[in-house]
Amino acid sequence: MNQTIKMTIQYIDGTAQTFEWVPDPEDTNVANMVGNLQKSLNEEYILLEMGDKFMIVLKQNVKTIEINAVPPKLPNTTIRGARLVE
């Protein structure tokens, strides 16, 4: 997975921020990716290292998170094949 990943965070106040990064080519272990995803879902915050800055986003302020890359393996509780109906 060498593509640039984009993540958009929608906050409960109606604002949004989009972040992007290139995944570490050394970290291609699917088990690690799934484990990290599950751990991050249980955390109270999202941690972002941005070069010379470090950002902490409290999840209590987050409405939704959308990421444009789907890991090859997802937690068993994932609803697959879903689509947004407007």
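This report describes the strands, the nonpolar core and the salt bridge of a predicted model.

**Strands and sheet**

Three strands make up an open sheet, arranged in the order β2-β1-β5 with antiparallel pairing. The edges are held by β2 and β5 (62-67), each of which has a single partner strand, so one side of each is left without a neighbour in the sheet. On average, neighbouring strands of this sheet are turned by 15 degrees against each other, direction ignored. Between β1 and β2 the antiparallel pairing runs over six bridges. Ile5, for instance, has Trp21 in β2 as its bridge partner.

**Salt bridge**

The structure contains one salt bridge. It joins the side chains of Glu20 and Lys6, at 4.0 Å from N to O. Glu20 belongs to strand β2 (residues 16-21) and Lys6 to strand β1, so the pair ties together parts that are 14 residues apart in sequence. The table gives the exposure of the two residues.

| Residue | Exposure | Relative accessible area |
|---|---|---|
| Glu20 | exposed | 54% |

**Nonpolar core**

Eight residues form the largest nonpolar core: Met7, Ile9, Tyr11, Phe19, Ile46, Leu48, Val57 and Val62. At least two residues of this core come from each of β1 (5-11) and β3 (45-50). The largest share, three residues, is supplied by β1. Ile46, one of the core residues, touches Ile9, Met55, Ile56, Val57, Lys59 and Ile65, when residues up to four places away in sequence are not counted.

Notes: Residues are numbered from 1 along each chain as its sequence is written. This is a predicted model: local features need pLDDT of at least 70, side-chain atom pairs count only at pLDDT 80 or more; totals for chains, interfaces and linings use all residues. Side-chain values use heavy atoms; hydrogens and water are left out. A nonpolar core is a set of buried Ala, Val, Leu, Ile, Met, Phe, Trp, Tyr and Cys residues joined through side-chain atoms within 4.5 Å. Buried means under 20% relative accessible area, exposed over 50%, partly exposed in between (1.4 Å probe, protein chains only). Helices (H or I, at least four residues) and strands (E, at least two) are DSSP runs, numbered from the N terminus. Contact means heavy atoms within 4.5 Å. Two strands pair if DSSP finds at least two bridges between them. Axes are lines fitted to C-alpha atoms, for helices over the stretch in contact, and angles run from 0 to 180 degrees between N-to-C directions.
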